[in-house]
Amino acid sequence: MQRKIIGIGNAIVDILCEVNDEFLAQNNLIKGSMSLIDEATDHKLSELNHVRTNSGGSAGNTIATISQLGQPSSFIGKTALDDFGKKFVSEIEKSGTSYVSKKYSNDPSAKSFILVTKDAQRTMCTFLGCASQITEDDINEEEIKGHEILYLEGYLWDQDSTIKALKKAIEIAKKHNVKIAFTLSDFFCVARHKTDFLKLIENDLDILFANEQEVIELLDLKTFDQEKISKFFSKNNKLTTIVTRGENGFAVFDQEKISEDNAYKIEKVIDTTGAGDAFAAGFLYEFSNGKSTFESAQKGNLCASKIIQKFGARFDDGELKNL
């Protein structure tokens with residue numbers, strides 16, 4: 001089967017830990033955010049009780065889930081040949097994904113402590129290690145041009161060398177008519193790179209994934225204003241934007257057309273880690289197989305509803321068989 005989707009992202013292993021709000025406050029952590037940590041904080045968090053350890057990374061989660069849904073995909077990342085790096089590569093390949101990166105780093109592989117509170121909110125503390133060392137040398141035209149969609153994560157915009165690599169990938173994709181999909185990743189990521197993200201949206205993207213908070217920050221809004229959001233995104237006449245709204249479902253902005261649907265009724269939310277990643281996976285899987293943007297978003301909605309009923313951002317073998 002043809003590999004239709006290729007993703008580029010931080011290759012990270014997630015370490016899930018249950019904490020309380022007091023722990024977040026004591027460590028000056030903002031609930032729901034992603035912050036980068038140094039080795040000292042890494043050692044401190046390593047002492048927490050670990051509920052689960054599995055491969056993660058925003059784009060990695062999305063690509064692995066697409067493969068598990070039945071559409072084998074490809075992934076470009078950066079790891080070392082250490083235990084965490086080997087775990088990441090092994091698990092993403094087990095999903096049916098081709099890990100095309102063969103240039104390994106001498107620095108340690110990345111890991112992210114996912115701190116889950118009783119309200120199911122996740123706060124991420126990420127030791128990036130070598131994950132952000134993706135360079136232009138890691139981007140190969142032959143690996144990208146045979147795909148239909150290139151999927152990128154906003155988190156990668158935190159390193160200058162990686163930005164150059166992504167821009168090279170974008171140019172290759174445009175040259176070969178490969179659609180470019182992008183996720184804004186995180187509220188604080190949007191705040192850091194707003195100017196660059198706005199340029200990307202206006203000039204390069206075909207598909208954009210965002211949550212409500214991220215869009216409000218991106219467009220300097222006070223509340224979720226459909227009319228203003230639609231007007232802005234229609235500046236790029238090829239762009240489809242999907243905004244996830246938590247318990248309020250989702251909205252698809254397809255030029256002047258707005259489509260909405262409700263969230264699934266869920267008895268108990270366990271962990272919101274990876275909800276956006278799973279949504280993007282469901283959408284891209286259906287979209288790459290010829291479904292409409294609304295139908296694709298409905299599949300994304302379903303995948304997101306399933307992942308938040310378990311710990312972690314990856315599905316186990318067989319979980320998606322009857323989806």
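Here is a friendly conversation about a few features of this predicted model.

Trainee: At what angle do the axes of helix H3 and helix H10 cross?

Mentor: Two packed helices are described by the angle between their axes and the distance between the axes. H3 covers residues 58-69 and H10 covers residues 275-288, and their axes come within 8 Å. The crossing angle is roughly 45°.

Trainee: Which residues of H10 meet H3?

Mentor: On the H3 side, the residues involved are Ser 58, Asn 61, Thr 62, Thr 65, Ile 66 and Leu 69. By class, this contact has six nonpolar, five polar and one charged residues. The partners in H10 are Asp 277, Ala 280, Ala 281, Gly 282, Leu 284 and Tyr 285.

Trainee: Which elements do the buried residues of helix H6 pack against?

Mentor: H6 has 16 residues and reaches 23 Å from its first C-alpha to its last, close to the 22 Å expected. Its buried residues include Thr 162, Ile 163, Leu 166 and Ile 170. The buried residues of H6 pack against strand S1, helix H5, strand S9, strand S10 and helix H7.

Trainee: Is Ser 185 buried or exposed?

Mentor: Ser 185 lies in the loop between S10 and H7, and has a positive phi of about 80° although it is not a glycine. Its relative accessibility is 12%. Buried means under 20%, so Ser 185 counts as buried.

Trainee: And is Asp 220 buried or exposed?

Mentor: Most residues other than glycine have a negative phi. Asp 220, in the loop between helix H8 and helix H9, has a positive phi of about 55°. Its relative accessibility is 60%, and the cut-off for exposed is over 50%, so Asp 220 counts as exposed.

Trainee: Which residues is Phe 311 in contact with, leaving aside its neighbours within four places in sequence?

Mentor: Phe 311 lies in the segment after helix H11. With a relative accessible area of 22%, Phe 311 is partly exposed. Its contacts are Leu 16, Glu 18, Val 51, Arg 52, Val 116, Ile 270 and Asp 271.

Conventions
Residues numbered from 1 in each chain as written. Predicted model: local features only at pLDDT ≥ 70, side-chain atom pairs only at ≥ 80, totals over all residues. Heavy atoms only, no water. Axes fitted to C-alpha atoms, helices over the stretch in contact; angles between N-to-C directions. Helix = DSSP H or I, 4+ residues; strand = E, 2+ residues; numbered from the N terminus. Contact = heavy atoms within 4.5 Å. Nonpolar A, V, L, I, M, F, W, Y, C, P; charged D, E, K, R; others polar. Expected span 1.5 Å × (residues − 1). Buried < 20%, exposed > 50% of the residue type's maximum accessible area, 1.4 Å probe, protein only.
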